[in-house]
Amino acid sequence: MDFNDSRELLWLVSGIYSFTFFLGLLKTFKLDLPQLRNLSFVLTIIGFAFHTHALYLRGLEVHGCPLGNTLERIQFILWSLILAFLIVRLLCRLDMLGTFCSGLASLGGALVLTLPDCDPNYWLTVNYTKLFSNPWIELHASVAIFSYGLFSLLSVVSVMYLIQRKALLSRKFDKLGSFLPPIQDLEIAAIRLLSIGILFLTFSILVGGIHWANQENFNLSGKLVVTLFLWIAYSVVFLLHYRQRLYGSKFAKTTIVLFFITFASLSLVSTRSQNTNKPLTPEENNPSNHQ
Amino acid sequence: MNSPSNQSLFVLGCSHRVADLSARELISLPPDSIDEFYDGLGKLTDLDEYLLLNTCNRTEIYGASKKNFSINSVLQYLSRFQNIEQEFLKRHSYQRSGCDVVSHLFEVTSGIDSQMVGETEILGQVKKAYDDACKRKISGKMLNRLFQKGFQAAKWARTNTGISKGQVNLGNVLCELARRIFGKVENCRLLVIGTGKVAEMSIEAFKSRGSQAITVTGRTFEWCPLSRNKPNELVEKFGGFALPFSQYKDSLHLFDVILSSTTSGLTMLGYHDVYNSMKKRPSKPLFLIDASVPRNIEESVSKIDNVFLYNMDDVSEIANKNLKSRMSEVERCKSILGQRAQKLWDQMIQPSIVS
């Protein structure tokens with residue numbers, strides 16, 4: 001195990017999160033051992049620390065915020081998801097949310113690690129320049145990805161809402177349902193996450209907007225269109241909920257669909273080339289086209 | 001358990017296990033006679049420590065003596081005090097001594113000897129009885145140790161086994177369902193239509209969890225609005241408000257939980273009543289409980305978004321499932337508590353403690 005290799009660390013992180021997830025499931029299904037009561041939370045913190053270190057190492061390699069390929073972007077979103085959970089966990093005890101989050105982080109992380117195409121070594125290319133030549137764009141990208149992390153947490157909360165609702169409608173006291181928070185609390189948590197996510201995304205767009213407004217040759221990229229679309233979509237969902245037009249299960253389902261669109265939109269972000277012999281094109285060299 | 005050391009600790013008791021309600025009523029001590037009972041008990045020769053546990057389901061006298069004290073003298077005293085025949089008392093009581101007393105107390109405090117397995121009220125009652133004995137200075141080294149260990153055993157059993165998991169009382173099941181929908185039950189506004197036993201049980205359960213906004217309505221309210229009637233009686237008993245029967249349909253949107261428990265056989269809440277009320281509170285869930293047979297709430301209301309409808313079959317099924325789950329834990333719990341009791345008893349009969 002090389003603790004200086006970001007990929008190996010990410011595998012370790014995925015393993016820790018999956019262990020946390022199974023520990024949470026054991027607890028749910030009454031196989032809880034009192035000695036291991038806080039182990040899930042401790043493991044999440046350890047996993048998060050390794051996750052942070054792995055992204056830091058990758059950041060050193062790429063000389064900037066590691067958002068140059070699909071693996072990095074997804075790992076950054078999952079990191080943001082766990083960070084958001086840890087902040088929420090400080091305010092109230094939500095072990096089940098932690099289980100869901102670690103499950104998603106483990107699955108998403110492992111999946112993206114198994115696909116080599118998701119992680120080209122673009123920083124090893126000839127004439128590689130920093131991923132973000134402009135700090136404002138770097139800020140824009142990292143804040144946008146962090147807001148996606150919040151939207152991931154929102155979708156986790158929405159899934160929990162739908163499970164609890166289904167359990168209540170089926171009129172049975174199933175084990176999973178009895179461990180989940182009340183549906184009214186889940187809806188309140190969802191709307192708060194949505195508000196905070198929109199705030200971060202708005203800030204990200206404003207930062208990017210200021211930079212692009214000063215550029216002479218600005219082209220509206222597909223990614224930017226999707227980001228704006230997501231911002232509008234999430235804002236509309238918020239307004240509809242505020243006006244009591246969209247609530248309950250429909251609200252939860254909408255946020256889950258938007259989360260999948262958010263994830264799918266990552267493919268629109270151009271990924272740096274893996275081929276070390278091939279010089280980068282001028283378009284690839286232009287950082288503003290990447291985010 | 002016939003060694004001399006076993007004679008140092010005993011219990012004479014009567015509970016639902018050996019006596020039916022009418023027998024328990026005869027044996028149970030009225031609260032105002034407890035002082036007198038303790039006075040007489042203290043006069044029994046060679047009885048060093050004693051404690052009375054007197055609840056609606058259980059009358060038990062725990063005692064400890066350094067000499068060869070006979071439990072029969074307590075039995076005779078109780079029969080004299082309550083004016084019941086000794087044979088009758090023998091038939092409807094049990095006697096334990098030595099380690100069996102420790103096991104018995106552990107089972108009592110942990111709730112596995114209760115009529116409603118795993119109930120927690122008994123622990124409070126035992127604590128109260130122990131506090132009372134401490135204040136009277138009639139509990140000594142032996143009983144102090146026994147009861148303090150009994151409280152620890154109860155905590156262990158509730159934490160480490162499933163004997164207290166899940167609600168088994170109908171009112172508590174409804175509160176648990178309300179908690180899963182709204183979070184804090186104390187913030188729920190409850191409307192009760194009808195004044196049956198289930199209604200009373202539910203009001204009691206909601207009230208005990210701090211719910212303040214309880215409203216009761218019923219048909220008898222209309223029949224005699226100026227005299228005492230059932231809704232007012234319930235309101236007086238538990239606190240809350242009485243709502244005229246003719247107004248409840250217009251106020252549905254003000255409530256989070258609505259329980260219907262009437263024998264009218266009429267539809268108290270139809271699809272359109274609930275649909276119209278939900279228009280005024282679309283994003284807030286509504287929990288409906290139909291505790292009536294025949295049913296008072298149209299089944300179709302469950303199709304409305306954010307409405308959760310339960311009938312008595314659903315609630316009973318949940319309660320029975322929880323009870324079954326608790327029962328499956330009883331043997332495991334008994335076995336572990338037995339081991340703990342033996343360990344404690346071995347320590348208690350050490351010469352330094354007994355003599």
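## The second largest cavity

In this predicted model, the second largest cavity has a volume of about 60 Å³. The structure holds 4 cavities of 30 Å³ or more.

Which residues line this space? Around the second largest cavity sit A:Thr20, A:Ser40, A:Phe41, A:Thr44, A:Phe85, A:Arg89, A:Asp95, A:Gly98 and A:Thr99. Sorted by class, the lining has 5 polar, 2 nonpolar and 2 charged residues. Three helices of chain A, H2 (39–62), H3 (70–91) and H4 (95–114), each supply at least two residues of that lining.

## Where chain B meets chain A

Let's turn to the interface. Here 29 residues of chain B are in contact with 24 residues of chain A, and the two chains bury about 2400 Å² between them, with 50% of it on carbon and sulfur atoms. On the chain B side, B:Arg180, B:Asp305 and B:Phe308 lose the most area to chain A, together accounting for 30% of what that side buries.

## Polar and charged links

The rule finds 1 salt bridge across the interface: A:Arg165 pairs with B:Asp305, and their closest N and O atoms are 3.3 Å apart.

As for the elements involved, helix H7 (141–160), helix H8 (170–182), strand E10 (307–311) and helix H13 (312–348) of chain B each supply at least two residues of the side touching chain A. H8(B) gives the largest share, 7 residues. By class, this side of chain B has 11 nonpolar, 9 polar and 9 charged residues.

Conventions: Residues are numbered from 1 along each chain as its sequence is written. Chains are lettered from A and ligands numbered from 1 in the order in which they are written. This is a predicted model: local features need pLDDT of at least 70, side-chain atom pairs count only at pLDDT 80 or more; totals for chains, interfaces and linings use all residues. Side-chain values use heavy atoms; hydrogens and water are left out. Contact means heavy atoms within 4.5 Å. Buried area is the accessible area (1.4 Å probe) that two parts lose on being put together, summed over both. A salt bridge is a side-chain nitrogen of Lys or Arg within 4 Å of a carboxyl oxygen of Asp or Glu. Helices (H or I, at least four residues) and strands (E, at least two) are DSSP runs, numbered from the N terminus. Ala, Val, Leu, Ile, Met, Phe, Trp, Tyr, Cys and Pro count as nonpolar, Asp, Glu, Lys and Arg as charged, and the others, Gly among them, as polar. On a 1 Å grid over the protein atoms alone, a cavity is a set of points where a 1.4 Å probe fits but cannot get out, and a pocket is an open set with protein on both sides within 12 Å along at least five of seven lines; lining residues have an atom within 4 Å of a point. Grid points are joined across faces, edges and corners, and a volume is the space filled by probe spheres set on the points.
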